Amino acid sequence: MESDSEFIVVGGGVAGLSVAIELLDHGHDLIVVDPDPGGGTSYVAAGMLAPASEVNYSEVLMGKLLIEAAQYWDDFVKVLESYTSLDCGYERRATLLSATEHGDFDELMRLQSFHKELGIESHLMGRSEVLDLEPTLSPKVIGGLYTPKDYQVDNRVVLGRMIEIVEGHARIVRARVKRVVRTAQGRYQLRLDNLDVVEGERVVLCNPMISPEEVLSGLLDEDLARAVATRPVRGEIIRLRDTQKIGPSVCVRSIRHGRWNYIVPRTSGEVVVGATQEEVPLMNNSLPKAGGVFDLLYDAIYSVPSLREMEIVELSSGYRPGTYDNYPNVGELLPNLYIHSGHYRHGFLLAPYTASLLVQAIGRRSNANFSVRLQRFTEILDPYRRLQDGR
Ligand SMILES: Cc1cc2nc3c(=O)[nH]c(=O)nc-3n(C[C@H](O)[C@H](O)[C@H](O)COP(=O)(O)OP(=O)(O)OC[C@H]3O[C@@H](n4cnc5c(N)ncnc54)[C@H](O)[C@@H]3O)c2cc1C
């Protein structure tokens with residue numbers, strides 16, 4: 001069977017669904033192709049939208065991107081709510097970074113001075129202030145950093161809404177793309193693993209690709225293929241159930257001997273504890289490892305002892321799609337062949353915003369004739385990357 005559409009979006013994780021929603025909202029016709037939409041890393045994630053807690057020193061431009069992306073979430077939720085009256089899982093719950101050792105509190109002080117440089121609101125707190133704000137923290141706590149605008153979204157709820165919206169206004173083809181072929185007319189044909197073919201004027205690749213050659217064989221030159229390859233960064237994560245309502249009321253991120261841990265309470269009673277981080281060569285096993293689970297539970301219970309009484313609902317792990325410089329791949333690879341992937345540790349925080357930047361850029365260029373250059377692929381995020389590279 002053959003299907004035809006203006007846009008074909010490959011991959012229905014948060015990256016692909018964000019593009020699909022932005023395209024719908026701009027009146028475009030589209031098909032999403034994914035064998036298991038919403039079932040990849042996006043299903044595993046914690047859903048923190050946390051620029052203040054996640055920013056790294058010296059990454060000023062990445063910091064700005066994270067802040068703008070977090071601010072965009074209010075707009076994005078309004079777009080979702082224009083399609084559905086159901087809850088989208090967005091929780092405006094503040095975050096508290098806590099320390100139990102002096103060296104770790106020094107780290108929070110350094111982080112706060114970086115927040116000042118970036119214009120991020122955060123407040124250092126002493127022990128009694130921290131315990132007043134979050135009494136479930138261990139009495140061993142010595143201080144904290146309050147970040148009132150680091151929010152969260154229930155990743156599974158919002159993925160469900162996005163899939164419903166896309167299925168209600170466009171099509172999702174449940175199959176895997178085996179190969180992308182460019183026709184003599186400059187259109188794209190996607191050969192699927194169920195032997196169907198979908199054809200379209202424009203394709204947006206939102207599937208993380210360790211080896212882009214597998215799907216794009218021969219379409220990209222070597223440099224470009226290398227530049228857009230992603231590296232898998234494995235992470236274990238735990239879901240608990242707080243039936244007795246004994247958990248924290250804010251999102252807690254604790255640091256101990258330099259190692260970070262987070263506890264994300266949700267209105268539903270779910271409490272998410274995460275996450276380990278390990279660079280691996282292949283995505284060949286998604287079963288969580290005992291050592292990772294042990295470290296997570298040890299650190300989380302040390303920080304909030306009442307977690308000891310909660311029920312374990314799920315242990316899982318996933319692969320963050322990292323790029324060579326940790327910035328997402330957002331741009332045009334070949335005429336009308338776009339990429340939107342590689343959001344690494346920040347897929348939920350970043351993808352709605354980067355999808356909106358991409359769809360706006362596609363709209364601005366729709367009548368332009370571009371030559372194929374590697375530089376163009378970085379253009380959309382160039383304002384964020386330029387200083388980083390010292391250019
Ligand atoms: C433990 C953990 C915790 C995290 N916590 C957070 C967090 O708190 N906040 C945050 O912002 N980010 C977080 N992340 C990162 C975030 O989960 C990722 O950045 C994001 O999910 C990546 O989304 P994606 O759509 O690119 O990938 P995925 O969700 O993996 O989606 C890719 C989709 O592409 C499909 N696909 C693959 N190949 C093909 C093909 N050939 N044809 C068709 N479809 C294909 C797959 O079936 C899949 O559905 C976390 C990640 C991990 C592992």
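I'll go through the domains, then the ligand, then some single residues.

Some ground rules. This is a predicted model, so local features need pLDDT of at least 70 and side-chain atom pairs count only at pLDDT 80 or more, while totals for chains, interfaces and linings use all residues. Residues are numbered from 1 along each chain as its sequence is written, and side-chain values use heavy atoms, with hydrogens and water left out.

Domains first. The protein is divided into domain 1 (2-43 + 157-230 + 324-385) and domain 2 (95-148 + 232-321). Those bounds come from an automatic or database domain assignment. The C-alpha centres of the two domains lie 32 Å apart. Where they meet, nine residues of domain 1 are in contact with ten residues of domain 2. Contact here means heavy atoms within 4.5 Å.

Now the ligand. How many residues surround the ligand? The count is 36, and the closest are Asp34, Ser42, Met48, Tyr344 and Phe348.

Look at the backbone next. A backbone N or O atom of Ala46 sits 3.2 Å from a nitrogen atom of the ligand. For Gly47, a backbone N or O atom is 3.1 Å from a ligand oxygen atom. Arg345 has a polar backbone atom 3.0 Å from a nitrogen atom of the ligand. How much of the ligand does the protein bury? Alone, the ligand exposes 1000 Å², and the protein buries 93% of that. Such areas come from the Shrake-Rupley method with a 1.4 Å probe; for residues, only the protein chains shown count as cover.

Which elements give two or more residues to this shell? They are helix 1 (14-25), helix 2 (41-44), strand 13 (231-241), strand 18 (311-322) and helix 11 (347-365). Helices (H or I, at least four residues) and strands (E, at least two) are DSSP runs, numbered from the N terminus. Both domains take part: the shell draws at least three residues from each of domain 1 and domain 2. By class, the shell has 18 nonpolar, 13 polar and five charged residues. Ala, Val, Leu, Ile, Met, Phe, Trp, Tyr, Cys and Pro count as nonpolar, Asp, Glu, Lys and Arg as charged, and the others, Gly among them, as polar.

On to single residues. Find Glu236 in strand 13. Is Glu236 buried or exposed? Glu236 counts as buried because its relative accessible area is 3%. The cut-offs: buried is under 20% relative accessible area, exposed is over 50%, and partly exposed is in between (1.4 Å probe, protein chains only). The side chain of Glu236 makes a polar contact of 2.7 Å with the side chain of Arg234. A polar contact is a pair of N or O atoms within 3.5 Å; within protein, one must be able to donate a hydrogen and the other to accept it, and residues adjacent in sequence count only if both atoms are side-chain atoms. Leaving aside neighbours within four places in sequence, Glu236 is in contact with residues including Gly274, Ala275 and Lys289.

Lys289 comes up again with Glu278, where a 3.3 Å polar contact joins the two side chains. Glu278 is in strand 17 (residues 278-279). At 32% relative accessibility, Glu278 is partly exposed.

Next, His115 in helix 5 (residues 102-118). His115 is buried, at 0% relative accessibility. Its side chain has a polar contact of 2.8 Å with the side chain of Ser122.

Last, some backbone geometry. Most residues other than glycine have a negative phi, and most peptide bonds are trans. Now look at the peptide bond from Gly274 to Ala275: it is cis, with omega near -20°. Ala275 lies in the loop between strand 16 (270-274) and strand 17. Lys245 has a positive phi, near 55°. Lys245 is in the loop between strand 13 and strand 14 (251-256), and is exposed at 73% relative accessibility. His257 also has a positive phi, near 50°. That residue, His257, is in the loop between strand 14 and strand 15 (259-265), and is exposed at 59%.

Key: Near = heavy atom within 4 Å.
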